[in-house]
Structures are given as C-alpha cells and as structure tokens.
Amino acid sequence: MTSTRTDPSTNPSTSAAGVVVVGGGQAGFSVVSALRSAGYDGPVTVFADEPHLPYQRPPLSKKAHTDRDGVRVDLVPESFYRERDIGLRLGDAVTAIDTAARTATTGQGLRVPYDHLVLATGARNRPLPVPGAELAGVHGLRSLDDALAIGRALTTARDVVVVGGGFIGLELARVAVAGGARVTVVELADRLLSRAVSPQLQEHLRERHERSGVRILTGTAVHAIEGTDRVRQVVTDRGPLPADLVVYGVGAAPRDELARAAGLAVDDGVIVDEQLRSITDPRVCAVGDCARHPHPHAEGLVRLESVQNAADQGALVGRRIAGSPSPYASLPWFWSDQGDVKLQIAGLRANTDEVRVAPGDSPERLAAYAFRDDRLVAVETLNWPAEHLAARRLLERRTPVSAADLAGSTLGALARARRAAEVRT
Amino acid sequence: MPIVIFELPDGTQRKVSAAPGTVLMQAAVSNGVEGIVAECGGNASCATCHVYVDDRHTARVGPPNDVEDEMLDFTAAERRPTSRLSCQIGLSDELDGLIVHVPEEQV
C-alpha cells in the first residue's frame, strides 16, 4: 500500500451526520443491528416507506394471515431500537439523495445529512401485464398488508387461481388448498420453478403438489382477468378458470430508481464492489435485493433475492462502517416451504454442466447435486435439512467434492467423516 | 409466564419472560438476545438457533426430534450431548427457570 489516506467508507470516526438506511426490510434491519453490535456510536436512522416495524417476509406466503395480532412477524420488538438509540422513521420514505451534499430528502420533507447512506430498498413485484389485473380480488404478495388482504380473502374464497409457478405462487397455493379452496396454478413456462431448480426436482415437486390437490397448468398463458366489480374468472389459452381470488407471483424487479436518479451506476440493481459500496460513490452502498455485486461463487455480477443475502450483506456493511471491513463472500442459500415440501438450496447453480439426483433414506427425501467441471457447486434438497446443512458446510469451506466422491454416499456422510478426521489430527 | 435464562458466551445472563405456546428461539429473538440468529425464522431449516441446555435441566427439556438430531451434527459450534435447536423447544410453565447456554458461533 502506498497510500496513507484513510478509506472514507471504513473510517469509524463519526461526525454528527451518521448513517442513514433507506428501507426497513431484513437488509436494513441487519445494517442497524450490526452497526450497534459492532460498537458504532454515531446517529443511525432507518427510513421505511411502510408504517410497520421491520418484519420477516418469509412467513407471509407460507401461512394464511388474517389479522395483525395473529401475525408474529416483527424481526424484533420496538424496544430493541429504543434501547440501542436507532431512529425509526416509519412511513417516511427517502425520495431523493444528493451525493455531493451528502443529504437525503424524505417524502415528509426532511433533509437529512449522512456520513454513510445504505440503500436497502429491496425489490417490487413485476405487475401482471393483462387486462383486469386491477380488479378487486387480484393480489400480488410482497408486503405484510398484501398477506393480510390475501389471508382475509382466503377465509371465503372457493376458487383460487395462482398466476406463476415460482416459489411464492407454490407456497401460497399449498396454503390455499390446505384451507379448503380449489386451487389452480397457471404457469407460462413448461415447468414449475423453471429457472430456480433442476428439472428432476421440478417434476418431483409437480407430483407432490398435484397429489395434495393443487391443479397445475404449465405452458399456459393468462390473457385477461374478468369480472364486474371484482374478479370472476381468469381467461387462459386453455379456457376460462372461475376465480374469486387471484394471486400472482411473476417475478420481481429491484427498486433502484433512487440510485439512478442520484447518478449512481445502475443495471438491474445498484452496482457495487466486493464491499457493497457503489462503484460511483463509496459513501453510498447497497444491500439485499436491490444490489448487483461481485461474488466469489459467481461468474460476473449477481443480484440475489433471499433472506440470507439481505441479512448477511446488511451485517457486513454494518461491521464495515463500524470499522471492520471485509469482502462479501457468504455462501448463497435459500429455502421454500411448500406444504409438506421443504425445498432448500445451497450454492449457485448457474452454468452447471451436470446434475445428479439421489434419493434420501426415506421416500419424501431427495437431493440434486450440481457440478461445474466435476466440482460440486450447488445442492438442492427436498425434506432433508441435514443434507442441506452438510452441503453448506462443505461449499462454504470450498472443499472440493467430485461426482465420484459422492457415488453411493451423501454429503452428510462425507462431512461427518471429514469432521472425524479433523478431530483425529 | 415461564421465565427462561440465556447465558451468553461471556458469562452474562439474559433473563426473559416468554408466552406459553411459543418456542425458546422466539423468546430470544423477541427480546434481542445476541447469539440466537434464527436465520430461517424457526422452521428447523438452518441450525442457527443452537443452544446447550444446562446440565441440570436436560431431563425437563427432553431429547431432540429425529430431524433436529440429524441437523445438530452440522451446527457451527461443536455439538454436545446437551445440544438442541431452540426453535424446537416449546415453552410451557414446566420450563419456568430454564437455563440454556448460547454457543460462540451460529453460522
């Protein structure tokens, strides 16, 4: 190192301005929680457009919620923020950033200075691009308010159409069928979860969902949603489907327009470096669903939509601002509970060239191991959390595992053997 | 309401009251107890809410279930005979006064 200048984005000395976090989801919460745990004592404020305390999003699609009191989803109680002197501005979104003046402006007209600004704005649902999508009884599912509205609708709905056979759609379909509704999933692609999991698991999942009573129409387009005051039917190229509730989940897009308007580099997400700093301005960083970043497990830049990514990136940025910088390298992992199916994914399966599927020790268990150049890079499991955890341990440590290593064995057995060997040496 | 005590790696104790019908992990998270990460929100999916039940209380708490037992082989901190996932410990008045020890690492 020839430079003696302090990197401003890792300087723990605090001025009066402190840290402004834009967004009150999992990523934003993780930033402020990590800042205080790491000893940062400057001002910390979270600005959130929703009126709710930061909450967990995963349960929203996995069970039916009918009232706020029945939904225990707050990440931590309000006292957590108070005790740590974390400012919460709920229902007051940041609407503009001036990176030269280092100020953020909010919808309620506040102008707030910052030393560090963290964009944790998340993603928004892609709209359903068909006529009638605005009818009453048609819902996207992202926020707590969405989940409450769907939960209330499910108490009376008889015919539920789920548009999109992705994670959210399949989770919600199982909730609805368990509640006694007739449920049809309409998916444009020829397979469920076509981009997310290996083809062998797609078929297996389809069987499991059909056995539970969910009707699945793949390779099917939705042309319109019809009704007078509220939804009555969904018009597809296999004919009309009666519906008194429609839930769609057809992908999400990063909320990166604030960064774009501020002149920061954006390309389907805020472009950041390995420490999650904007490549345009190191005083601004982005975490979670809205960040596009380099990752040692990926080729090129990736944008990941998961709780793990939001939590780990938020914590990394919190620690960096408090004075402990490190590059982002957490192993990506993901889970989805779809009725009696617990799907878990460890690693990134893009650009893999071989997938081996192995049954577990009981009929409902299955694992798919994905290899790139005969090296294990991702593992998908059904109802087999121990194998998922073994995969995480091995992939995190970058232990090379070839297809031959796995022949007739499981990662759990490999990991146990390896741990035993470590203990002996 | 049962009172449960989390002893942190540095020896400090966090005493929290928990609503019956909830699980030990939720009692920790609701009260901001450091070291109980609970990445998966309590679905027995991640093994980041690992605790060591105090030796005096293991009989009251009981053994892990089958899935939990397998998962405990892959916790970040070492597995011990008293290891449990706190999301799988349902709280009732019988567990009033329970002491658990929070491990050094969870992820």
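Which residue of chain B forms a salt bridge with A:Arg365? In this predicted model, the partner of A:Arg365 is B:Glu70, and the closest N and O atoms of the pair are 2.7 Å apart.

## Interface of chains A and B

The salt bridge between A:Arg365 and B:Glu70 belongs to an interface across which three salt bridges are found. Six residue pairs are in polar contact between chain A and chain B, with both residues at pLDDT 80 or more.

On the chain A side, the elements that give two or more residues are α7 (307-321), β22 (333-338), β23 (341-347), α8 (385-396) and α10 (411-424). Of these, α8(A) gives the most, with seven residues. By residue class, the side of chain A that touches chain B holds twelve nonpolar, four polar and eleven charged residues.

In total, 27 residues of chain A contact 22 residues of chain B. The area buried between the two chains is about 2000 Å², and carbon and sulfur atoms give 46% of that area.

## Second largest pocket

The second largest pocket holds about 1300 Å³ of space. Its lining comprises 50 residues, and those nearest the centre are A:Ser33, A:Ala315, B:Ile36, B:Val37 and B:Glu39. The lining divides into 29 nonpolar, twelve polar and nine charged residues.

Elements of both chains supply at least two residues each to this lining: α1 (26-37), α7, β22 and α8 from chain A, and α1 (24-30) from chain B. The most comes from α7(A), with seven residues.

Note on methods:
Residues are numbered from 1 along each chain as its sequence is written. Chains are lettered from A and ligands numbered from 1 in the order in which they are written. This is a predicted model: local features need pLDDT of at least 70, side-chain atom pairs count only at pLDDT 80 or more; totals for chains, interfaces and linings use all residues. Side-chain values use heavy atoms; hydrogens and water are left out. Contact means heavy atoms within 4.5 Å. Buried area is the accessible area (1.4 Å probe) that two parts lose on being put together, summed over both. A salt bridge is a side-chain nitrogen of Lys or Arg within 4 Å of a carboxyl oxygen of Asp or Glu. A polar contact is a pair of N or O atoms within 3.5 Å; within protein, one must be able to donate a hydrogen and the other to accept it, and residues adjacent in sequence count only if both atoms are side-chain atoms. Helices (H or I, at least four residues) and strands (E, at least two) are DSSP runs, numbered from the N terminus. Ala, Val, Leu, Ile, Met, Phe, Trp, Tyr, Cys and Pro count as nonpolar, Asp, Glu, Lys and Arg as charged, and the others, Gly among them, as polar. On a 1 Å grid over the protein atoms alone, a cavity is a set of points where a 1.4 Å probe fits but cannot get out, and a pocket is an open set with protein on both sides within 12 Å along at least five of seven lines; lining residues have an atom within 4 Å of a point. Grid points are joined across faces, edges and corners, and a volume is the space filled by probe spheres set on the points.
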